[in-house]
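Please open the model in your viewer and keep the selection panel at hand. The tour below goes from one selection to the next and says what is found at each stop.

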Amino acid sequence: MLTQLLRGVLLALLVLTAGVADSSARIRTVNPDGTGDFLTIQSAIDAPSTVAGDTIHPVFGIYQGSVTINKPITLLGGGFDGGPGQATELFITQGDGVTFVAGSSGARIEGFLINVFTGGVALIVQEGAANVEIVGNRITANGRRPIEWIGAPGGRIYLNTILAGGGNGVLIERPNGLVVDHNVIFSVGFATPGVQVNGNTGLPGGFKLIYNVIRSDESNALASNNLPPSSEIYNNIFIKGSARGGPVVQTDNAQFFIGFNHYFLASGTATDAEINEPFYAVRNSRTTGDPLFVNFPSATSPLTFGVSDFHLRPGSPAMDTGRIGPAFNDPDGTRGDKGIYGGAQPFEDDGGTPDLPVVVDLQVTPGRIVRGGTLDVRAVGKIGQ
């Protein structure tokens, strides 16, 4: 527990040193065994002492019960794939998982394993919120859907692995500046699109769907309606795991930028009708066929956490065929790949582990004190390599 405490203290010090606008921002730990600042996530959020800019950090373990976020805070887990006992898990047996409501604008959730088995929604972002970020989580919902984004402006969904066992992987209503990038999104076993976007052409902000791997078993990988004209859909890999249920992509006549995507069907080589790329898409920019993932052999393969590997093998038709321009290149400067490992910010294979600092030097003075005395503890840490 000393290591966990030092990590929290050091992270708090580094956050403050980095010049956070609110100098009162702090790390609040949650541990059901009583060694943290709070016993539950909700009590940490609701505490009057928790203010804008604070980070709530539940230690490794399983947390049950719905959570409502009504403050601009960060909910920071320890990761989802660190081995036995090394995950921060939200296990929901009744109702929904985490709901962002009015007052939570600017909030963020990162580094969680989220499992909902009740027909509820794992993550809901309501209209009263804005600029919410959902980053680096593994999310599963059986019976309904992992994410609902309902009219909240701004925000980003990225670096997540999302598995729906009974509805859309992601349902988005009235996107207004939302960016969805570098995610794996699967809807399996039901006739629902992997991503469903219902827009409003009158909204000033567009919608971006870029660098994702999206699959639906028995419906469209993507279904969109009335997207604002400033919207952009590119560098995605769309997969349809069944020949049933319509084309790979279903859009209406609202015109926006779409192109440089890859299409793959379980039935093999897709016809133009099966792909259904809209008439205004960038001509001759799409690719089709087996994307040749490192470890995902077919369109009907199950998504196996920790095993499925969506890197592209040499010879993949989705490699080096992304949108053209320096802004879309891969980190090595070559033309960007399609899928989650393309572009300047590829998917991170870190198991959802946040960039917490590592203590590299610790000094405690004096070496001996009497009861009631004072110790001076100085820690030096680094983030990353």
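This is a predicted model: local features need pLDDT of at least 70, side-chain atom pairs count only at pLDDT 80 or more; totals for chains, interfaces and linings use all residues.

Select Arg 108 and Glu 133, whose side chains form a salt bridge with the closest N and O atoms 2.3 Å apart; a salt bridge here is a side-chain nitrogen of Lys or Arg within 4 Å of a carboxyl oxygen of Asp or Glu. Arg 108 lies in strand S8 (residues 108-110) and Glu 133 in strand S11 (residues 133-135), so the pair ties together parts that are 25 residues apart in sequence. Helices (H or I, at least four residues) and strands (E, at least two) are DSSP runs, numbered from the N terminus. Glu 133 is partly exposed, with a relative accessible area of 25%, on a scale where buried means under 20%, exposed over 50% and partly exposed in between (1.4 Å probe, protein chains only).

Residues are numbered from 1 along each chain as its sequence is written, and side-chain values use heavy atoms, with hydrogens and water left out.

Next, select Asp 54 and Arg 28, which form a salt bridge with the closest N and O atoms 3.7 Å apart. Because Asp 54 lies in the loop between helix H2 (41-46) and strand S2 (55-58) and Arg 28 in strand S1 (residues 27-30), the pair ties together parts that are 26 residues apart in sequence. Both Asp 54 and Arg 28 are buried. Compare Glu 148 and Arg 144, joined by a salt bridge of 3.3 Å from N to O: Glu 148 counts as buried at 9% relative accessibility, whereas Arg 144 counts as partly exposed at 34%. The count of salt bridges comes to 13.

Which residues touch the most other members of the largest nonpolar core? Select Phe 100, Ile 134 and Phe 238, which do so among its 60 residues; such a core is a set of buried Ala, Val, Leu, Ile, Met, Phe, Trp, Tyr and Cys residues joined through side-chain atoms within 4.5 Å. The largest share of this core, three residues, comes from H2. Around Phe 238, leaving aside residues up to four places away in sequence, the residues touched (heavy atoms within 4.5 Å) include Leu 209, Ile 214, Val 248, Tyr 263 and Phe 264. A second, separate core of 20 residues includes Val 213, Ala 299, Ala 318 and Phe 347.

Strand S29 (residues 293-295) runs antiparallel to S30 and is joined to S30 by two bridges, and Asn 295 has Asp 309 as its bridge partner.

Finally, zoom out to the whole chain. The protein chain holds three helices and 32 strands, and buried residues make up 53% of its 385 residues.

Definitions and conventions: Two strands pair if DSSP finds at least two bridges between them.
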